[in-house]
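Please look over the sequence and the model displayed below. The report after them goes from the whole chain to single residues.

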Amino acid sequence: MILSCNHISKSFGEDVILDDCSFFVNEYEKVAIVGNNGAGKSTLLKIIMNELSADNGEVIISKDTSVGYLAQHQDTEGDNTIYKEVESVKQYIIDMENELRKLENLMGVLTGDELHNVIEKHNKLEQKFKDLNGYAYKSEIEGVLKGLGFNEADFNKPVKNLSGGQKTRVALCKLLVEKPDIIILDEPTNHLDLNSISWLETYLLNYKGTVIIIAHDRYFLDKIVNKVVEISNAHCHTYNGNYSDFSMKKAKMRDDLMKAYLKQQNKLKHEQEVIDKLYSYRQEKFYKRAQSRMKQLENMEKIDKPEEISAKMNITLTPKISSGNDVLSVEGLSKSFDSLTLFSDISFEIKRLEHVALIGDNGTGKTTILKIINGLVDADSGVIKLGTNVKIGYYDQEHHNLSDDNTIFDEIALAYPDLTNTKIRNTLAAFMFTGDDVFKKISELSGGEKGRVSLAKLMLSEANFIILDEPTNHLDMTSREILEDALNNYEGTILYVSHDRYFINRTASRIIELTNHILINYLGDFDYYEEKKDELNKRFVTETKSSIEKTKTSNKEDFKLRKARKNEIKKLENTLKSIEEEISKKEALVESLNDDMNNPDYATNSAKLSEIHNRITETEESLMELMAKWEEVSNTLSKY
């Protein structure tokens with residue numbers, strides 16, 4: 001056991017968030033903390049990290065255990081670049097590297113016992129440096145940065161100029177490079193695209209440490225975790241297995257609990273009827289019997305009614321009128337910002353009743369396409385055509401359609417002035433805003449609460465073409481499932497951007513991927529996309545390149561181009577193979593020279609040791625050059 005929470009309780013005023021919560025985490029376990037928004041998940045993590053004190057209970061972490069924590073929001077400042085900020089967690093490695101260089105310089109000028117002492121110190125430090133993977137720390141940093149969606153052009157950007165989401169990704173990079181014994185992550189996938197989420201899954205799955213995660217991505221949790229701790233009604237319940245296992249076990253437990261609850265309610269009703277009957281006889285012996293049964297009834301341990309799923313968000317999407325069969329036509333659409341080209345000459349169509357998911361890496365322009373369709377951003381070129389009777393309802397992930405100065409009630413009333421106060425209150429109640437909650441200002445709401453207000457406005461719009469930008473961000477599991485059901489029952493057309501793979505799989509009938517400035521169409525759900533993406537991507541890129549070549553050359557020239565391209569690929573492959581063989585030789589030579597450096601026969605031969613040291617330095621420099629050349633050739637080859 002590496003961590004345990006024992007009888008943790010926490011209240012804010014009269015609101016009990018956590019009540020006598022206990023669970024433990026074993027070494028190397030991957031644990032999910034789940035529960036509805038406001039259940040206390042982030043509060044629990046802050047208590048574990050000692051950022052918040054518990055009212056009762058204690059958190060015990062094994063001695064000499066390092067813990068790393070990623071909060072939902074980061075506010076990193078300072079003048080560091082992205083690369084330098086991440087590199088800072090490896091300062092101890094950098095210090096060791098600098099010390100090794102100093103010792104190596106001394107080895108070139110000292111003799112006798114002094115040289116022997118320096119060599120001995122160098123060898124011990126170098127072994128420690130190797131054990132800490134010191135020679136690979138730079139490639140490790142680059143690998144994590146690229147895995148989480150940063151490219152080399154981003155490395156020198158100042159952290160202070162980044163968006164909140166980018167700062168969170170930088171903080172996640174630092175945490176993964178630091179490699180603590182326990183990694184604690186609060187919504188790590190919120191600002192990641194599909195490729196980055198997939199990379200992070202693999203990384204955490206193979207992480208040689210303990211991982212504790214809050215996340216709403218069900219695919220993500222299914223792949224990584226082997227234990228789930230649920231917070232419900234302020235209490236903690238532990239389930240072994242991944243998220244799907246937890247869902248099935250919870251459903252069965254809830255069903256069993258509901259049956260037990262109803263059975264007990266019937267028994268209580270029957271007992272009360274017997275007691276009332278005994279009292280009605282108005283005789284002392286019957287009074288005594290009634291009082292005895294009443295005492296038994298009062299001492300009976302009552303079963304709490306299971307939480308009603310229907311008590312959650314209730315959304316029904318109904319178009320006022322039907323659109324024509326042709327809902328949206330996009331022709332030759334292009335958009336650039338300064339020197340950055342997002343996409344060029346893209347075209348697609350959407351027909352009535354289609355549910356289309358638009359996916360792609362961060363920064364490829366997915367949200368920009370939605371904004372162009374909604375008239376919020378101008379395209380550089382291209383034509384957007386809406387079909388007959390098409391009425392758009394737009395859900396903006398940044399909630400720019402909400403006014404911070406409005407109350408929740410006013411936000412709905414001003415958007416739909418014909419609604420009565422009763423209708424507005426009923427609508428807001430369906431989205432879990434009741435009582436005085438409706439008079440909260442938009443500026444005071446959490447991301448999840450703003451999302452529910454936006455969904456309420458979307459429901460009231462009665463649109464027949466719904467456009468959604470990251471609709472599941474900040475929604476808890478239950479709310480996501482309710483939204484999925486609403487979209488699946490919607491008798492209109494849907495276009496949305498999302499990185500929630502489970503959500504896409506449940507709601508999309510077609511997927512459009514924006515990649516390399518072009519669109520690739522997949523006629524299926526996310527499982528189909530996963531199965532076909534490599535095949536279709538290669539085929540589409542090949543066909544696109546071929547099409548461009550054919551418009552520029554004759555058949556004879558096209559043949560020559562293909563032949564030249566094939567020869568170039570072969571040449572690059574041979575070059576790559578040759579470099580890899582040379583790298584293997586150099587690595588073997590470094591290993592052999594290191595063995596010579598540690599050879600007792602040379603311990604007092606300063607000239608020999610200096611010669612070996614110089615050869616190691618030269619070989620390592622040559623090896624670095626070969627690695628750089630390998631990466632350059634590999635990148636060139638990948639473009640073919």
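**Basis and confidence**

This is a predicted model, in which local features need pLDDT of at least 70 and side-chain atom pairs count only at pLDDT 80 or more, while totals for chains, interfaces and linings use all residues. Residues are numbered from 1 along each chain as its sequence is written, and side-chain values use heavy atoms, with hydrogens and water left out.

The pLDDT is the predictor's confidence in each residue, from 0 to 100. Its mean over the chain is 87, and 94% of the residues reach 70 or more. Over residues 551-555 pLDDT stays under 50, and the model has three contacts beyond four places in sequence for this stretch. Contact here means heavy atoms within 4.5 Å. Where pLDDT is low, the predicted coordinates should not be read in detail.

**The chain as a whole**

The C-alpha trace spans about 115 × 70 × 40 Å along its principal axes. The secondary structure comes to 19 helices and 18 strands; helices (H or I, at least four residues) and strands (E, at least two) are DSSP runs, numbered from the N terminus. Of the 640 residues, 44% count as buried. Buried means under 20% relative accessible area, exposed over 50%, and partly exposed in between, with a 1.4 Å probe and protein chains only.

Among contacts with a separation of 6 or more, 69% are between residues 24 or more positions apart. The accessible surface of the chain comes to about 33,900 Å², and carbon and sulfur atoms hold 47% of that. Areas come from the Shrake-Rupley method with a 1.4 Å probe; for residues, only the protein chains shown count as cover.

The chain has 84 positive and 106 negative charges, and their mean positions are 5 Å apart. Lys and Arg count as positive and Asp and Glu as negative, while His and the chain ends are not counted. Each charge is placed at NZ of Lys, CZ of Arg, CG of Asp or CD of Glu.

**Helix 5**

Which residues of helix 5 are buried? In this helix (residues 137-147) they are Tyr137, Glu140, Ile141, Val144, Leu145 and Gly147. These residues lie on the same side of helix 5, because they cover an arc of only 165 degrees around the axis. The arc is that of the directions from the helix axis to the C-beta atoms. An α-helix has 3.6 residues a turn, so residues three or four places apart point the same way. The buried residues of helix 5 pack against helix 2 (82-87), helix 3 (91-107), helix 6 (164-178) and helix 7 (194-205). Gly149, which follows helix 5, has a positive phi near 95 degrees.

Most residues other than glycine have a negative phi, and most peptide bonds are trans. Asp64 is not a glycine, yet its phi is positive, about 60 degrees. Asp64 sits in the loop between strand 4 (56-61) and strand 5 (67-70). Lys179, also not a glycine, has a positive phi of about 55 degrees. The loop that holds Lys179 runs between helix 6 and strand 6.

**Strand 1 and other single residues**

Ser4 and Asn6 are both placed in strand 1, which covers residues 3-12. Not counting residues up to four places away in sequence, Ser4 touches Phe23, Phe24, Glu58, Val59 and Ile60. With the neighbours within four places left aside, the contacts of Asn6 are Cys21, Ser22, Gly57, Glu58 and Ile60. Asn6 and Lys250 are 244 residues apart in sequence, and their C-alpha atoms are 23 Å apart in space.

Glu187 belongs to the loop between strand 6 (182-186) and helix 7. Beyond four places in sequence, Glu187 touches Gln72, Ile214, Ala215 and His216.

Glu120 is part of helix 4 (residues 112-131). From Glu120 to Asn206 the distance is 36 Å, C-alpha to C-alpha, for a sequence separation of 86 residues.

The table lists the relative accessible areas of these residues.

| Residue | Relative accessible area | Class |
|---|---|---|
| Ser4 | 4% | buried |
| Asn6 | 22% | partly exposed |
| Asp64 | 71% | exposed |
| Glu120 | 36% | partly exposed |
| Lys179 | 42% | partly exposed |
| Glu187 | 6% | buried |
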